[in-house]
Amino acid sequence: MEDTTTFTTSTGPNDDGRRKNRRRKGIFGLLAGVLAALLLVGAGFAFFSDSITGSTAGTAGTLDISGSMNTTRTDGLTTDNFVTDNVTQTGNTSTVANVNPGDVIRIDPTATNAGTKSAWIRTELTGGTADSSIAPYLYVYSGSSVPTQADLLAASANSNPASALQGLPGYAGTVTSLNTSATTPQVITGSVEQDGTSTSYSDNVEIYFDSNAPDAAQNANFSLNAAMQAIQYRNNTAVPGDAQWNTVESGTISSGTWSSN
């Protein structure tokens, strides 16, 4: 008799969970592969784009001081009547002949700024020389307030003339003792930078030949050099000190050799 035994296979609940997990992993793997393929394909596309570019350029400002140093002298003992008699001037170099005790020689520094930058500007006095017989009697005054000839003559008549002359406004020293002296800096505007109010510069330098000079001062010589100097004002509004002025590239703008004969 034939044995007809039937085998049945039972499936537990854990087997269904394993199959579902395998299906999920397969689906996720397929999706990952599709995404990778899309990324590779997308990397080859050129999308619309745009940009803005620019550049910056600049030009430094300029100082361009131009001016003159004219020399005049008093006409005898008349009060502040300055003339060019016996003054020979070539450019900014002058020679004054036949200077008398009591005379005043005046140098008038004037300048304008054709540059773009505003500037500090001053007049520096250097290089004073004089024969020993005349040196003590040559008094230098400078700045916005200098004595009149009448003031100078009155001081010379004082019982202590040297002290009286040194006490007058703007006294800088004698020609040989001042070594280096300078007028008070002023501000001059530029064509772009309008700092300050003045578009031009003017100053005063005087040499007074003391009326008490003795006969030994006859035919003696003396000289004095002057130079206008400028330093930028913008971003440098504190009055410059010697360290800055010493860096100025300045040539001698005015010089003179004057004879007392």
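## A buried aspartate and its partner

D108 is buried, with a relative accessible area of 18% (buried means under 20%, exposed over 50% and partly exposed in between, using a 1.4 Å probe and protein chains only). D108 makes a salt bridge with R106, and the closest N and O atoms are 3.4 Å apart. A salt bridge here is a side-chain nitrogen of Lys or Arg within 4 Å of a carboxyl oxygen of Asp or Glu. R106 itself is partly exposed, at 23% relative accessible area.

R106 also has an aromatic neighbour: its charged end sits over the ring of F82, 3.9 Å from the ring centre. To count, NZ of Lys or CZ of Arg must be within 6 Å of the ring centre and within 35 degrees of the ring normal.

## What you are looking at

This is a predicted model, so local features need pLDDT of at least 70 and side-chain atom pairs count only at pLDDT 80 or more, while totals for chains, interfaces and linings use all residues. Residues are numbered from 1 along each chain as its sequence is written, and side-chain values use heavy atoms, with hydrogens and water left out.

Strand 5 covers residues 104–113, and seven of its ten residues are buried, so the rest of the structure largely encloses it. Strands (E, at least two residues) and helices (H or I, at least four) are DSSP runs numbered from the N terminus. Two strands pair if DSSP finds at least two bridges between them.

Strand 1 (residues 65–74) runs antiparallel to strand 5, with nine bridges joining them. Along that pairing, T72 stands opposite R106 and S68 stands opposite T110. Strand 5 is also joined to strand 12 (residues 205–209) by four bridges, again antiparallel, with I107 opposite V205. Strand 11 (residues 200–202) pairs with strand 5 in the antiparallel sense too, over three bridges; there, T110 faces S202.

Strand 1 has another partner, strand 2 (residues 82–83), in an antiparallel pairing over two bridges. R73 stands opposite V83 in that pair.

A search of the whole structure turns up five salt bridges. One of them joins D103 and R73, with the closest N and O atoms 2.7 Å apart. D103 lies in the loop between strand 4 and strand 5 while R73 is in strand 1, so this pair ties together parts that are 30 residues apart in sequence. D103 is buried at 3% relative accessibility, and R73 is buried as well, at 5%.

Another links the side chains of R234 and D195, at 3.0 Å from N to O. R234 is in the loop between strand 13 (221–232) and helix 4 (242–245), and D195 is in the loop between strand 10 (186–188) and strand 11, so parts 39 residues apart in sequence are tied together. R234 is partly exposed at 34%, whereas D195 is buried at 17%.

## A polar contact and some rings

S94 sits in strand 4 (residues 93–96) and counts as buried at 1% relative accessibility. Its side chain joins that of T71 in a polar contact of 2.9 Å. That term means a pair of N or O atoms within 3.5 Å; within protein, one must be able to donate a hydrogen and the other to accept it, and residues adjacent in sequence count only if both atoms are side-chain atoms.

As for aromatics, the whole structure has three aromatic pairs, and ring pairs link Y139, Y141 and Y171 into a cluster. Rings of Phe, Tyr and Trp (its six-membered ring) pair if their centres lie within 6.5 Å; planes under 30 degrees apart count as stacked, over 60 as edge-to-face and the rest as tilted.
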